[in-house]
Amino acid sequence: MKMSSRIIEHPDMRVLHLPSTSQVAYCGIAVHAGSRHETPQQQGLAHFCEHLAFKGTERRTATQIINAIEGLGGELNAFTNKEDTVYYCAIEQRHLRRALDVLQDIVFHSQYPENEVEKEREVVCDEIESYEDTPAELIYDDFENILFEGHPLGHNILGTSEQVRSYTSADALRFRQKWYQPENCVLFVSCGRWNVDGGRWKENTPASDKSPSILHHQPSTINHHHLPSTITRDRGTHQAHVMVGTRAYAAGDERRWALYLLNNILGGPALNSRLSMALRERNALVYTVDSSMVSYSDTGMWSIYFGCDPDDTKRCLRLVRQQLDRLIDKPLSESQLRAAKRQLQGQLAIAAENREQTVLDCARTFLHTGKVRTVNDVMAHIATLSAADLQQSAQELFAPERLTTLIYQ
């Protein structure tokens, strides 16, 4: 999806317009506040505030919030990450004005009524318990907690049931008042022509009472010393669940592009990824195997996950090691590099057809960097990579002494 952008002036909040010819508008508010911004006593509070934002404001009840958008056929949603929380809406463009009004109402004027807090606690606790019953998902959080032990990036986004049951309306209000300030947010809109001056979005945005330097300050820095280890935990699962990985590159590190391509070669979504071919297609040892990477503002993580019969764990780990060593020891040939780039660029082109996800990605990038990165920008970075770039990243990250392994059995 081709997308040019327009940055709109506002005295307090950054505003991003992504023009589109569709009759469906996507809009939202991205807040630079996630689980990383919680204290140890607040784990899960950012996600809890996200849930409570839909439960009543100064002007609307929970039912009125739902009907204001869904009564028009629109969709209203939100999600919480480690470094941000995003509230967004899909709606016919002719109803954009109402959508923006509702979004600003729930983000800046939610009241978190105590009776709704009581009910929503149990909803979130059910979510936590369901998550803990899914080892293929839980292992990701456990693994990240090992890599970032003692740091807010390590603890999971949902928090614990015990902590969530302790939170009050006052706790949620304090968190919102600290972090949900206009200067710490981006309002984003993807639509056709937008009569900015004719909308109510400016008047509904409160003046910020915080300085940008305070709002964008990260709560704590990363300790760059991590000792890799192998950890086995008895979870009583029928299948062994295994993760292997390491800390990786931050969002502003140009080396992340080489890792991005390496990651796709190793364990991307295609069936011809090297790990899929080695563990599944040739040896029928796994149903699921993939690799993933995430970049935060000052660090990152790269990992491999697979599930297998417990008796096959060591063999699978040996095959993984062989694939990593291939990338360390020998650079890709020119034809291999061309094929890898062609595949990833094709995947990016297809993914860009998902307009909602593309808009959300642009908004979050703009929130953290002040820049809009399009799919063409990503493709341009991929095009410049050399075989030496990939081998260097493999040597930096994939060496045995760099890797931590976590096994559920």
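**Exercise 1.** How many cavities of 30 Å³ or more does a search of the whole structure find?

*Solution.* Before we start: this is a predicted model, where local features need pLDDT of at least 70, side-chain atom pairs count only at pLDDT 80 or more, and totals for chains, interfaces and linings use all residues. Residues are numbered from 1 along each chain as its sequence is written, and side-chain values use heavy atoms, with hydrogens and water left out.

Step 1. On a 1 Å grid over the protein atoms alone, a cavity is a set of points where a 1.4 Å probe fits but cannot get out. The search finds one of 30 Å³ or more.

Step 2. The largest cavity has a volume of about 40 Å³, volume being the space filled by probe spheres set on the points, which are joined across faces, edges and corners.

Step 3. Its lining (residues with an atom within 4 Å of a point) includes L262, K330 and Q391. Helix α15 (residues 387–397) gives the largest share, four residues; helices are DSSP runs of H or I, at least four residues, and strands are runs of E, at least two, numbered from the N terminus.

**Exercise 2.** Find C191 and decide: is C191 buried or exposed?

*Solution.* Step 1. Look in strand β6 (residues 185–191), where C191 has its place.

Step 1. Buried means under 20% relative accessible area and exposed over 50%, with partly exposed in between (1.4 Å probe, protein chains only). C191 is buried because its relative accessibility is 0%.

How values were computed
On a 1 Å grid over the protein atoms alone, a cavity is a set of points where a 1.4 Å probe fits but cannot get out, and a pocket is an open set with protein on both sides within 12 Å along at least five of seven lines; lining residues have an atom within 4 Å of a point.
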